[in-house]
Amino acid sequence: MHMHWYYNFLVRRPYLMVLAVAVLCTACITVSLTMNSAPDFSDPTLGFETRGTALGKRSTAWNNLLQETGPSGTLVTDPNDLHYFKNINYYHTKNMRKHQHHNRTYRGKNRKKPKNSKHKNQVLHLSKKIKYLQNRFNITSPKSSESHLLPTQWNGDSGVFRDYEITNDSLLSSDPSNRSEQFEYGRNTTSIDEDYHREKVQTKKSTWSILKEAPFPPYWNTDSPHVGGFFCDSPSKDYSHFVVERTGPNDTDTLFDLNGLLAMCQLQNQIVAVPSYGEFCQREELTDSCCRPWSLPNYAALLANKSSCFDLNITDVDMLQNLLVLCFEYYHDLRLSNDCSEFSPCKAPTECTRGSIVYNILHFLTDYNFIKMNDTRVFLKYAMIFVPVAYTSKILPLFHEWDEVDLKNELVQVVSMDLGLENELFNESLLTDVWLVSLGGVFVMTCIWLYTTSIFITLMVCIAVIFSLGLAYFAYTLVFKMSFFPYMNLLALVVIIGIGADNAFLFVKIWQCVLAERFSKSIKSTASAHPTSVIDGGNEHTETLQSLMASTFHHSALSMFVSSLTTATAFFASYTSSITAIKCFGVFAGTVAITNYLLMMTWLPAVVCIMERVSACATCNSKLPIQKLLLMFNKSITKFCQLFETLITKAVMNYAMLWICVFGTIGLCSAFIVLYAPGLQLPDSSHFQLFSSSHPFEIYNSKMKNEFWFEKSISAYENFKLPLRFVWGIQPVDDGDYTNPFSHGSLYYDNNFNISTMAAQTWLLNFCKNLRLQPFYQITFGILLPNCFIENFISLMDRMCIDEMDNTDRTPCCDVSKFPFEPDVFDICLPQCMSSLYATPREYYTPGVAGPRFLADRRINVSHTAQPPQVKALVLEFESNVAYTTAYNEVKKFVQSVDRWLMEQLNEAPPEMKGGWFTSELKFFDTQSTLSHDTLVAISVAMSASLVVLLLVTLNVLVSLYAVITVLFTIFTTVSILILLGWKLNVLESITVSTAIGLAVDFSLHYGIHYRMSPTAERLAASKFTLSRIVGPTSMAAITTGMAGALMLASNVLPYIQIGLFLVIVMVVSWLYGTFFLMSLLKTAGPQYGFMQFSYPLLNKGSSTSGNKYYERKQSQVIASEQLLTPSSSAIGELINSETHELESLTSSSLIKTISGTESSHPLSADFEHSFNNKIDISSVNMSSIVEHKSPSIENPASELTDTK
């Protein structure tokens, strides 16, 4: 009633509405694109971390702590990094050991040169070293005195030793007799013999000269191959590599035979023969040609002293096999490495160590099952070929050339590859495979064109979809201020195509039904009064375009509003997820659903009005042949649709109990599969799959990666134990933007933390002792362990106060102070002891992340009264006995046991130590836990929102309950199918479930709402009315969206493949459940005659007082030809053959009421009647068939039910 002005504006000013919407959308899109940088998809896994969870907050706080620790941060672990601490230490020690300064000065003045005997022994030692080098490299020199072995002038490259006198080597002599070290609380002071140091420098210069003149050492015999001239380097992970397997009829044979090696030789030539290979390959220094690939055929040729692998024979293969079998036990027992030399000897025979041939073959080129211990038989299933091309994202053009070449021959083929291009190729494929999305959009628009017979409406719907995305991006970036745009948001493009088509089909269907009813009523009235002629100024009822638009809005806007609202709510429910990418997708997809609805209520009605005006102007013009052909094709589609609707209606009305039992059983079984066995499986790999399972990159990462020793040694999780990290002084807070993976907030200190109290010291020592008694603790051996600093601190404090070596007075940081220490003693001595620990040689003490963190306050002035640095944070780190694993239950048990034990300890802690918390390498575990929890939360929120919206709109408990049960069964069935197809609940799958909720509600809501909008309160008639109105639009929406998803299956990008498969499944399942299960429930036990029906009192009061003035025709100055609907309307094909219905408002209880309310008494104009009758003649329509046409109208609802039965 209050929207009368809006309908009037749409009818009278449709061009203005279209122009205003187009300008607004274009401006918003332009502003959003110019003010924001283009989305970056270079890292597809960005945003997959958890934010806001308990473990997520700890992880963020831990990362912030590490970031703030260092010389440039606000915290330091080594007090020596603080400039003012050095001054404090200097002034403190100066006052404590004045006598030491006097002794040092006295020794410096009376220092004598070394005795000649000692000096001579040092010279002889250096001379023998030079003689050894000359003999080692076959360099002859004239005999001379020992002094000639120490030249006084450097003749080599002066740049090498330009600053040699101040290098660390000269300061850190390994000979303790030449050093005089003095410890000043962690600072080492070394006294050096200048004469000996000068001579040592000259000796090293002479050594460098000898090395420059030395020839290459003869590691190989004259009959042995020269590895350095055959290969440029050794194979490594830094080079691109291909996995080869046997193929053809003998695919079960081993690769390690003559035919297999020759076939691999031919295959590697195919790899290096692509045009761009020379631009990316590593080249030899002498010939400037590409280096040889590292492969079994090339190593066999090297061992046989042959220049080409095509020259191999059976003897060469047997020789290589015997060598590998002989040396395998040394490789297996780790007695063979890739760097066997005199300085790093290997405990293996010489033939096994030459040139690292055996090591490279076993470690890089053959699978780990190639040779087994105590077995002389060999079987090679997979082999690796390394090419001298860098493992980098810059070789994408080279990959495309390899991808175009069929890398296979009759015996072998490349089954997978690892080139370091996953992210780069994925980023490119996201854009290149958009044509598949576009192809699906073209199919949807073609269906809309055939359904509406209007290319104009089709193009406008397509533009509306584009505008929906543009407006959503504007709101996403500028209104919601969300700067991170993950690639997952691109999946909303596929979703909006389906949603937009669904709304367009529904609006056009209601529009055609309204038009058909009004024309039918006009024809019947004219035929009954004047069967043979047209009478001007008759009493037949007509409808203006404004009233028809109001009727269409009355019955389509509500249904589209509810479906769009529930769909958007389902998407927005994903905002409850703790994963950034899922949050962003939920916001963007929900915004797209809302913007599409707004355009369907503004853009599409104005477009329909423009189309009717254009049709009015073209009434008398002859149609083009293509238009006639399209009209005939539309009539055929209309007849098929009517037949299809009739079959569906009869199937539902006659076999309702069968459908309830069948789909109910499927739904219950699906719920069991989803909730119990096998259930939603969590991912068991931290690797996020980007491409289809058949892609060579994914084959390598999922299967081949674990077949070779070099990959197993790199990714051997069994060697990595989960650390036990306990943190005090830092609050586990994450105040960053959860929708932005680059925003991690700030570091917040716990102001209650104080480690210097005696109670805190005692409790912390007991904490470390109790931890070592726990079942998850792993014993760690070492001299000075960094895990529990309080133990090392106590040990360092248990030293003599006066150092007998240099008479240093350490008071009070010595045995005069007893544990627990006084707070002031603790504050003074802890920085000194920690600096001493960090100055300890790394053979005895290796610093880690554990230890106290000192506040690096840059504002402190250096003075004699400055205070020692303050401990602001504390980290204790131990090693657990739980190996790193992706098994969710094992890690969950570990985390729960550690958290439980920590809480018990913190309950007994003093107040200043109660703020501790535990963290570890739990990022993947937290993602698993979040996915399992948040997915169920999203489903619950979406279901609750759908139920609330249905109750508020239909005001009927049974209809709402049936619809929600149908949607729930739809989701369970869809997810169970995906589970049976092998899907695991990863980030992409979680988004898919959210999308399933958003799309599954549409069809059920349309059926439920139109059941309530039925003009009859009787159950059977209302069910048939709903089916006759909604089966067509929902079927077209399901077909178009499902086919658009099917076209996505041709992509190589896994997100496109999964969203395409999901769309096919969810469209089929949701349409089947909505049409057969929900409508069978309503037909069998649906509410009738106002049962469990509620109403809004205020609306009923307003309705009783105002009547139907909303639809009454107002006085207008507009020309009749512009306001009346012409017979050349786009619905003219539906005019004769469509069913006529009377629509009813939601809250009305009347059984007999027309669609438009009060009928107008204005007669049709003479021009309108003439053109209409001409149209009837062109269509060759029998007037009597029109009058006798049957429809499930409210005037005789029971007559149709007998025919159906």
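Five strands form an open sheet in the order β1-β8-β9-β7-β10, with antiparallel pairing. The edge strands, each pairing on one side only, are β1 (75-76) and β10 (917-919). The model is predicted. The points below centre on strand β7 and on the helix that packs on the sheet.

**Pairing of β7 with β10**
- Strand β7 covers residues 721-728 and pairs with β10 in the antiparallel sense, over three bridges.
- Phe-726 has Phe-918 of β10 as its bridge partner.
- Opposite Val-727 stands Trp-917, also a residue of β10.

**Pairing of β7 with β9**
- Strands β7 and β9 run antiparallel and are joined by seven bridges.
- The bridge partner of Arg-725 in β9 is Glu-877.

**Burial of β7**
- Of the eight residues of β7, seven are buried, so the strand is largely enclosed by the rest of the structure.
- Buried here means under 20% relative accessible area.

Methods. Residues numbered from 1 in each chain as written. Predicted model: local features only at pLDDT ≥ 70, side-chain atom pairs only at ≥ 80, totals over all residues. Heavy atoms only, no water. Pairing = 2+ DSSP bridges. Helix = DSSP H or I, 4+ residues; strand = E, 2+ residues; numbered from the N terminus. Contact = heavy atoms within 4.5 Å. Axes fitted to C-alpha atoms, helices over the stretch in contact; angles between N-to-C directions. Buried < 20%, exposed > 50% of the residue type's maximum accessible area, 1.4 Å probe, protein only.
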